[in-house]
Amino acid sequence: MFKHIFVPTDGSNLSQDALLRAISFAKESGAKITLFYAKPEYHIANYGGEGRQRLSTITSEDYFDDLAENQAQDILVPAMRLCEEAGVPCQKMTLTSDMPYIGIIEGAKGCGCDLIFMASHGRSGISALLLGSETQKVLTHSTIPVLVHRSPEIH
């Protein structure tokens with residue numbers, strides 16, 4: 001049925017649990033996986049100035065991009081190992097976007113994926129309204145089917 005599954009991850013316990021479920025799902029259906037991480041954009045205004053936390057080590061956009069890429073690889077490389085250990089073909093990709101849901105949708109389309117498999121933080125009420133949900137935004141805007149994995153025991 002599904003042959004190419006897009007699995008966004010942020011390295012959280014929820015994402016890790018969803019990744020394990022996605023690997024199992026892919027193995028059962030003979031699908032391959034594209035692992036995805038949305039890197040933040042560099043904004044000089046966010047990293048200095050009065051009333052803001054000063055991150056003195058971030059001195060340039062290139063340095064920030066290197067840090068973001070290293071963080072992405074720290075998350076994606078172990079995820080790739082899990083896929084390989086399960087015998088599921090996989091690849092990895094990153095995009096830079098301050099709106100991860102847009103990166104997720106663009107990445108899935110660009111890879112030709114036929115399913116997005118992602119975690120839900122399970123927020124409800126006012127916290128969902130105030131914090132928003134990348135999963136909810138993907139569900140709202142994606143033309144690609146989305147399978148949402150919710151793990152009630154992980155917070």
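**Sheet, helices and cores of a predicted model**

Val7 sits opposite Leu35, a residue of strand S2. We're looking at a predicted model, in which local features need pLDDT of at least 70 and side-chain atom pairs count only at pLDDT 80 or more, while totals for chains, interfaces and linings use all residues. Residues are numbered from 1 along each chain as its sequence is written, and side-chain values use heavy atoms, with hydrogens and water left out. The chain's secondary structure amounts to five helices and five strands, where helices (H or I, at least four residues) and strands (E, at least two) are DSSP runs numbered from the N terminus.

**Overall layout**

- Starting at the N terminus, the elements go β-α-β-α-β-α-β-α-α-β.
- Of the chain's 155 residues, 39% are buried; buried means under 20% relative accessible area, exposed over 50% and partly exposed in between, with a 1.4 Å probe and protein chains only.
- Take the contacts (heavy atoms within 4.5 Å) with a separation of 6 or more: 74% of them link residues 24 or more positions apart.
- The chain's accessible surface is about 8900 Å², and carbon and sulfur atoms account for 52% of that; the areas come from the Shrake-Rupley method with a 1.4 Å probe, and for residues only the protein chains shown count as cover.

**The sheet**

- Five strands make an open sheet in the order S3-S2-S1-S4-S5, with parallel pairing; two strands pair if DSSP finds at least two bridges between them.
- S3 and S5 (146-149) are the edge strands, each pairing on one side only.
- From one strand to the next, the twist averages 25°.
- S1 and S2 run parallel and are joined by five bridges.
- Helix H5 (residues 134-141) packs on the sheet and touches S4 and S5, with its direction at about 160° to that of S4. For such angles, axes are lines fitted to C-alpha atoms (for helices, over the stretch in contact), and values run from 0 to 180 degrees between N-to-C directions.
- S1 is largely enclosed by the rest of the structure, because five of its five residues are buried.
- Both faces of S1 are covered, with His4, Phe6 and Pro8 buried on one side and Ile5 and Val7 buried on the other.

**The cores**

- The largest nonpolar core runs to 25 residues, and Ile5, Val7, Ile23, Ile33, Leu35, Cys83 and Val88 have the most contacts inside it. A core here is a set of buried Ala, Val, Leu, Ile, Met, Phe, Trp, Tyr and Cys residues joined through side-chain atoms within 4.5 Å.
- Two or more residues of this core come from each of S1 (4-8), H1, S2, H2 and S4 (115-119).
- H2 gives the largest share, seven residues.
- Beyond its neighbours within four places in sequence, Ile5 has contacts that include Phe25, Ala26, Ile33, Leu115 and Phe117.
- There's also a second, separate core of 13 residues, with Phe6, Ile116, Val138 and Ile144 among them.

- H2 (residues 61-86) has 26 residues and spans 37 Å from first C-alpha to last, close to the expected 38 Å; the expected span is 1.5 Å times one less than the number of residues.
- Buried residues of H2 include Phe64, Ile75, Leu76, Met80 and Cys83, and their cover includes H1 (13-29), S2 (32-39) and S3 (90-96).
- H3 (residues 100-111) has twelve residues and reaches 16 Å, close to the 16 Å expected.
- Tyr101, Gly103, Ile104, Ile105, Gly107 and Ala108 are the buried residues of H3, and they pack against S1, S2, S3, S4 and H5.
- Gly112 follows H3, and its phi is positive too, near 75°.

**Lys27**

- Lys27 lies in helix H1 and counts as exposed because its relative accessibility is 52%.
- Setting aside its neighbours within four places in sequence, Lys27 contacts Ala86 and Val88.
- Lys27 and Gly87 are 60 residues apart in sequence, but 7.4 Å apart in space, C-alpha to C-alpha.
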